[in-house]
Each structure stands twice: as structure tokens, then as C-alpha cells.
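Hello,

Here is the structure I promised to pass on to you. Have a look at it first, and then read my notes below.

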Amino acid sequence: QVQLVESGGGLVQAGGSLRLSCAASGGGIFSINTMSWYRQAPGKQRELVALITRGGNTNYADSVKGRFTISRDNAKNTVYLQMDSLKPEDTAVYYCSTDLRPSYTGRVYWGQGTQVTVSS
């Protein structure tokens, strides 16, 4: 019902910036609720980076507070992650995730991920 496609990853030097995008499509897009960014580094568990509710409320992992900003454009069914002051420890595959409103299906969807590599 929903497909998510991430883009915007790449290789940057420490201190640089990237903006990730995640576009949603499919029949359930009008029922999208919270949208989130997760990341997974090699040998590590997937962790929540940031989330944003449909109404615009946000939460961030402590490790990215003050450096990353999550936003969304509901009209375009797209969520963004602006990443500034990047550090080598930010290197990971970044995944977009969303859940549909419980009144619709309540299902959770994941994108395929986009690689972010930060060099020293």
C-alpha cells in the first residue's frame, strides 16, 4: 500500500552536510502518520535517528540533536533529514520508515536505505 524510496546519501567529509529525502507512494499515502529516519552502521543494531508526526512534532536521538533536522511535506508525501556538522560516526545506511494511521491499517513500511559515509 505504501512504497518508500530514499535518496540523497553519499560521501562527505567531516563537518559537511547532506539532505536525505524519502518519497512515499501507493494507495495508502493519505493515511501516513508518523515518518521516521533510522540508521544502521556495520555490526550495529538499527537505531532511531529522528521522527516527525503528521502534525509536525519531532523527536531526535541525543547523538544528533542540534545537528540534524527532520521535516516533512505532507502535500508531496515526502520526509527530509537535513544533516549538518556530520561526523564519521554518522556513517551508516539510513532508512526511512512510516506507519499508517491505525484507523486505516496501522501497518509499518520501510525503504531500502541510502548510504551515508562521512570521512575524517
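**Strand S8 and its partners**

In S8, Val 79 is the bridge partner of Arg 72. Strands here (E, at least two residues) are DSSP runs, numbered from the N terminus. Before going further, please note that this is a predicted model, in which local features need pLDDT of at least 70 and side-chain atom pairs count only at pLDDT 80 or more, while totals for chains, interfaces and linings use all residues. Residues are numbered from 1 along each chain as its sequence is written, and side-chain values use heavy atoms, with hydrogens and water left out.

S7 and S8 run antiparallel and are joined by 6 bridges; two strands count as paired if DSSP finds at least two bridges between them. The hairpin they form has 4 residues between the strands, and Asn 77 takes a positive phi near 55° there. S8 also pairs with S3 in the antiparallel sense, over 6 bridges, and Gln 82 in S8 stands opposite Arg 19.

Is S8 mostly covered or open? It is mostly covered, with 5 of its 6 residues buried. Buried means under 20% relative accessible area, exposed over 50%, and partly exposed in between (1.4 Å probe, protein chains only).

**The core**

The largest nonpolar core has 29 residues, and Leu 81 and Phe 68 are among those with the most contacts inside it. Strands that each supply at least two residues of this core include S7 (68-73) and S8 (78-83). Such a core is a set of buried Ala, Val, Leu, Ile, Met, Phe, Trp, Tyr and Cys residues joined through side-chain atoms within 4.5 Å. Leaving aside neighbours within four places in sequence, Leu 81 is in contact (heavy atoms within 4.5 Å) with residues including Leu 18, Trp 37 and Tyr 94.

Ser 97 is in strand S9 (residues 92-100) and is buried, with a relative accessible area of 5%. A polar atom of the Ser 97 side chain lies 3.1 Å from the backbone oxygen of Tyr 109.

Which rings does Arg 46 lie over? Arg 46 lies over the face of Tyr 95, at 3.8 Å from the ring centre, and its charged end sits over the ring of Trp 110, 4.9 Å from the centre. For this, CZ of Arg (or NZ of Lys) must be within 6 Å of the ring centre and within 35 degrees of the ring normal.

Happy exploring!

Terms used:
A polar contact is a pair of N or O atoms within 3.5 Å; within protein, one must be able to donate a hydrogen and the other to accept it, and residues adjacent in sequence count only if both atoms are side-chain atoms.
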